[in-house]
Amino acid sequence: MHYPYQIKSQQQYENDYALSIKNPKEFWANVAQHFTWFKPYDTVLNWEFNTPDVKWFEGGKLNITYNCLDRHAATHPDKVAFIFEPNDINQRTQKITYAQLLQQVSQTCYALQSIGVQKGSRVIIYMGMVPQLAITLLACARMGAVHSVVFGGFSARAIADRVADAKADFIVTCDAANRGAKHVLLKEIVDDALLHVDVKKVLVYKHAGINVNMKPDRDVWLHDIQNKLQVQSLPLFQPVVMDAEDMLFILYTSGSTGKPKGVVHTCGGYMVWVAYTFVNVFQYKPGQIFFCTADIGWITGHSYLVYGPLLAGATSLMFEGIPHYPDAGRLWDIVDKHRVEVLYTAPTAIRSLMAAGLDFVKDKNLTSLKVLGTVGEPINEEAWHWYHKYIGNGNCPIVDTWWQTETGGILISNLAGITPHKPAHATTPLPGVQPILLDDQGKEVTGNNVSGNLCIKFPWPGMLRTTYGDHERCRQNYFATYAGYYFTGDGCMRDAEGHYRITGRVDDVLNVSGHRLGTAEIENAINTHQGVIESAVVGFPHDIKGQGIYAYVIYQGDDVDAQANIAITVSNMIGAIARPDKIQLVAGLPKTRSGKIMRRILRKIAEGEINQLGDVTTLLDPTIVDDIKNNRQ
């Protein structure tokens, strides 16, 4: 197959970008016509950012899985949709064709239907990186149920919070997940979560083959129910007709306040956006093996491991394990073994593999690689050059993609081999994306060689529509800071050539190993530990993670292992990814006379810039700063 909307040259990029700004409705109508709609849409776009209210392809009827599966199963049924590389190097690689994937999704639909899932149901999916995770996600979409995937590294408390917020009645999980040398007991963690909230049914997929407790009347084995229904003999489960603006999924992301927010994406616009960006950014060619290393629990896995590649009829490689198991050559072994042509991974992974040294790279054949990509956080120049030289052999373009859970797909990136790449720069916006830099007063920063707060002034099809159950929170978070603009929360520089470089968060959100974590969320967890009076969390530079977590804690208790136990509390409440790297017990926190914590000072101390704290004489108690400085970790 070919992609009529694929950009083939720098000149075409410039022409398409100009048209997408001048006449966005015509531009997106031209792209959208290349998908299957059960009923054409009435209007391409209605929008205003103040409420906000954004609708794409209104009146259009579709099912995203018809476009992901049925179309391709009809034209090339034997083409491989997923290659699954297990955690254990001694286990067999699995290949699933489009025809097989369609059948397995259909069979999972019947199982979900039998436990009560229907159009509009919210289904929490908490699984390891196995094909059944993607199959379950697609089955929900086929039935019109709303999937909400929870990353397998999150804690029982985090699951309970998401079940409650989404008002979910169903959870799908595995007995356990394999990650490196350890089993993650997912079903056991779900059981702990359900001590705090109730659901109607838990559907359990047997993967690791370990014994788990099954609660009668609530817990059901997937294989038992499929055997009972004799799903293999049932006709294909027909896709439910959805409106373009019906909910497709909820994905929770940390913000600058304590409670994670459920970002809502809808069917039509998201479909068009992820397919368009996948094909163009990576310059994907039919038949190529595409390897995105992200977990499906994050938006990258949704958009560029599952939906984007399948919409393009691509072959997507799914990896169960971790880059360092059994050694730091594992990713390069996979690239070599499967002749991967496009590799999309995170700067954190690149830095950690770079630190392991070239011994793990030198005997691997990486000549199949055509395109390299990075995602999740800005990549530093040293890592960019290492990736380009040693992994891409100096001749693979690197797409440094900037986007967010809320944007649905990539917004700013070079197009591989079409538009120029530049170390540590996301470079240029995709067609339809209109970035603007604003100063703190909301005034536009014009020209080049400037920096400001990155905002977007016009909607794109893949953008979030709301935060689940709390539209006002969506408005406050993204549209209230600068009236009439979507505020990304990121700082940004525009260089002499007009290329964009993301400089990091400007709000109280940390980017740890490419994962967004709200400081308030971590503080809330710390503050539940007995003896903790108050805490403040900031980020600091970390060689591997990009940003580490530094916690200042006022503690009045008699626990000699307070720091270790506080760290365990955070892991239990949120997950190991939120565990502070450094915890400093302090007598007090630097506050203004009005009681505001001066995080700027704490950030400087965490960064080691203790001689650049500025004027501290206006603080309520300036002596606290000396005490914190003298005892920094």
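Which relative accessible area does Arg339 have, and is Arg339 buried, exposed or partly exposed? In this predicted model, Arg339 is partly exposed, with a relative accessible area of 31%.

## Backbone: residues with positive phi

Arg339 is not a glycine, yet its phi is positive, at about 50°. The residue belongs to the loop that runs between α11 and β18 (342-345).

Lys167 is likewise a non-glycine residue with a positive phi, in this case about 55°. Its place is the loop between α6 (156-166) and β8 (170-174). Lys167 has a relative accessible area of 54% and is exposed, because the cut-off for that class is over 50%.

## Backbone: cis peptide bonds

The bond that links Thr51 to Pro52 is cis, and its omega is near -10°. Pro52 sits in the loop between β1 (43-48) and β2 (53-58).

Tyr325 and Pro326 are also joined by a cis peptide bond, with omega about 0°. Here the proline, Pro326, is located in the loop between β17 (315-319) and α11 (330-338).

## Packing of α9 against α10

Two packed helices are described by the angle between their axes and the distance between the axes. For helix α9 (residues 267-281) and helix α10 (residues 299-311), the axes come within 8 Å and cross at roughly 90°. The two helices α9 and α10 are therefore roughly perpendicular to each other, since angles of 65 to 115 degrees fall in that class.

On the α9 side, the contact is made by Tyr270, Met271, Val274, Ala275, Thr277 and Phe278. On the α10 side, these residues meet His302, Ser303, Tyr304, Tyr307, Gly308, Pro309 and Leu311. By class, the contact of α9 with α10 has nine nonpolar residues, four polar ones and no charged ones.

Rolling a probe the size of a water molecule over the atoms shows where empty space is left. In this model there are two cavities of 30 Å³ or more.

The largest cavity has a volume of about 80 Å³. Its lining includes Met127, Gly128 and Met129, together with Phe151 and Gly152. Ala177, Asn178 and Arg179 are also among the lining residues, and strand β9 (residues 177-179), with three residues, gives the most to this lining. Val184, Leu186, Asp295 and Glu320 line the largest cavity as well. By class, the lining of the largest cavity holds six nonpolar, three polar and three charged residues.

The second largest cavity has a volume of about 50 Å³. Seven of the residues in the lining of the second largest cavity are nonpolar, one is polar and one is charged.

Three elements, β5 (94-97), α5 (131-143) and α8 (222-229), each supply at least two residues of the lining of the second largest pocket. By class, this lining has eight nonpolar, eleven polar and four charged residues.

How values were computed:
Residues numbered from 1 in each chain as written. Predicted model: local features only at pLDDT ≥ 70, side-chain atom pairs only at ≥ 80, totals over all residues. Heavy atoms only, no water. 1 Å grid on protein atoms, 1.4 Å probe; cavity = no way out; pocket = protein on both sides within 12 Å on 5 of 7 lines; lining within 4 Å. Points joined across faces, edges and corners; volume = space filled by probe spheres on them. Helix = DSSP H or I, 4+ residues; strand = E, 2+ residues; numbered from the N terminus. Nonpolar A, V, L, I, M, F, W, Y, C, P; charged D, E, K, R; others polar. Axes fitted to C-alpha atoms, helices over the stretch in contact; angles between N-to-C directions. Parallel < 35°, antiparallel > 145°, perpendicular 65-115°, else oblique. Contact = heavy atoms within 4.5 Å. Buried < 20%, exposed > 50% of the residue type's maximum accessible area, 1.4 Å probe, protein only.
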